[in-house]
Structures are given as structure tokens and as C-alpha cells.
Amino acid sequence: MIKNKSSQKERKIKAIYSGETVSSDTKEAVDLYSKSRFGESKDGRILYSLVEVMYLLEKDKMNITDGKKNKINLNGFKVRARKDEPNFMIRYAVFKNLRER
């Protein structure tokens with residue numbers, strides 16, 4: 001019997017936001033990197049740009065925590081990203097547009 005992909009529950013990437021860096025070493029992160037090239041593979045971890053993280057959060061493919069294990073939601077991440085990166089929302093709009101073509 002072949003299972004339909006939509007019936008299989010997709011696990012979310014668990015990532016940590018520390019400083020201006022978001023990274024993950026989970027199997028889900030490696031799988032997505034292999035399939036879609038989200039992030040950059042470095043020292044056994046996948047490092048994500050802030051615009052990639054925002055996109056994955058909007059698509060409900062990622063959960064983020066800070067260094068103290070506090071969960072960061074989409075709005076909380078947006079506030080932090082805008083502080084860390086100038087013109088974040090403009091860069092994100094361009095990234096999203098290109099990704100969805």
C-alpha cells in the first residue's frame with residue numbers, strides 16, 4: 001500500500017536563534033537543505049538567513065527558540081529581525097517573490 005504524502009505528518013525544523021544567527025542540526029533541516037537548498041551547510045549544522053527563516057515560519061515548516069529555550073513566534077521573530085537587519089521587510093518581500101515563482 002502506497003501512502004499519500006499529504007497523509008504523512010511533516011515534522012518541523014527545530015532551530016535556535018542566537019545573536020543574528022539561526023541554525024539547526026536536525027534531520028528535517030538537512031533533508032530540506034538537500035531538497036530545496038534552504039540555508040547553508042557548515043560544520044554539521046544548517047545556518048539560515050533571516051529572510052529564509054521568515055519564509056519557513058510563514059510556511060509553518062520551522063519552530064524557533066532563543067538561547068533560553070523560549071519559543072519565538074512569527075511576530076516576535078519579525079520584530080527581532082527588523083532590529084538585526086536593515087531593510088529586512090523589503091529584502092523579505094523580494095526573497096518571497098523569487099521563491100514563489
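S23 is placed in strand β2; helices (H or I, at least four residues) and strands (E, at least two) are DSSP runs, numbered from the N terminus. The model is predicted, so local features need pLDDT of at least 70 and side-chain atom pairs count only at pLDDT 80 or more, while totals for chains, interfaces and linings use all residues. Residues are numbered from 1 along each chain as its sequence is written, and side-chain values use heavy atoms, with hydrogens and water left out.

With a relative accessibility of 10%, S23 counts as buried. Buried here means under 20% relative accessible area, exposed means over 50%, and partly exposed is in between (1.4 Å probe, protein chains only). Apart from its neighbours within four places in sequence, S23 is in contact with A15, I16, R45, I46, L47 and Y48, where contact means heavy atoms within 4.5 Å. With one of these residues, R45, the S23 side chain makes a side-chain polar contact at 3.0 Å. A polar contact is a pair of N or O atoms within 3.5 Å; within protein, one must be able to donate a hydrogen and the other to accept it, and residues adjacent in sequence count only if both atoms are side-chain atoms.

## Salt bridges

How many salt bridges does a search of the whole structure find? The search finds eight, a salt bridge being a side-chain nitrogen of Lys or Arg within 4 Å of a carboxyl oxygen of Asp or Glu. One of them joins R45 to D25, with 3.4 Å between the closest N and O atoms. This pair links distant parts of the chain, 20 residues apart: R45 belongs to strand β4 (residues 45-48), and D25 to the loop between β2 (21-24) and α1 (27-36). R45 has 27% relative accessibility and therefore counts as partly exposed.

Another salt bridge is formed by the side chains of E100 and K59, at 3.1 Å from N to O. Here too the pair links distant parts of the chain: E100 is in the segment after α4 (88-99), K59 is in the loop between α2 (50-58) and β5 (62-66), and 41 residues separate them. E100 is partly exposed at 41% relative accessibility, and K59 is partly exposed at 39%. R80 and D66 also form a salt bridge, their closest N and O atoms being 3.8 Å apart. The residues are 14 apart in the chain, with R80 in helix α3 (residues 74-84) and D66 in strand β5. R80 is partly exposed, with a relative accessible area of 34%, whereas D66 counts as buried at 12%.

## Aromatic pairs

The whole structure contains five aromatic pairs. Rings of Phe, Tyr and Trp (its six-membered ring) pair if their centres lie within 6.5 Å; planes under 30 degrees apart count as stacked, over 60 as edge-to-face and the rest as tilted. The F38 and Y55 ring centres are 5.8 Å apart and the planes are at 20°, so this pair is stacked. F38 lies in the loop between α1 and β3 and Y55 in helix α2, so that the pair links distant parts of the chain, 17 residues apart. F38 and Y55 are both buried.

The F77 and F88 rings have centres 6.3 Å apart and planes at 80°, which makes the pair edge-to-face. F77 is in helix α3 and F88 in helix α4, so the pair ties together parts eleven residues apart in sequence. Both F77 and F88 are buried. F77 and F88 also form one aromatic cluster with Y17 and Y92.

## Charges over rings

R37 lies over the face of Y33, 4.7 Å from the ring centre. The charged end of R99 is over the ring of F38, at 3.8 Å from its centre. A charge sits over a ring if NZ of Lys or CZ of Arg is within 6 Å of the ring centre and within 35 degrees of the ring normal.

## Positive phi values

Which loop holds D43? D43 is in the loop between β3 (40-42) and β4. Its phi is near 55°, a positive value in a residue other than glycine. D43 counts as exposed, at 75% relative accessibility.

D60, in the loop between α2 and β5, has a phi near 60°, again positive in a residue other than glycine. D60 counts as partly exposed, at 47% relative accessibility.
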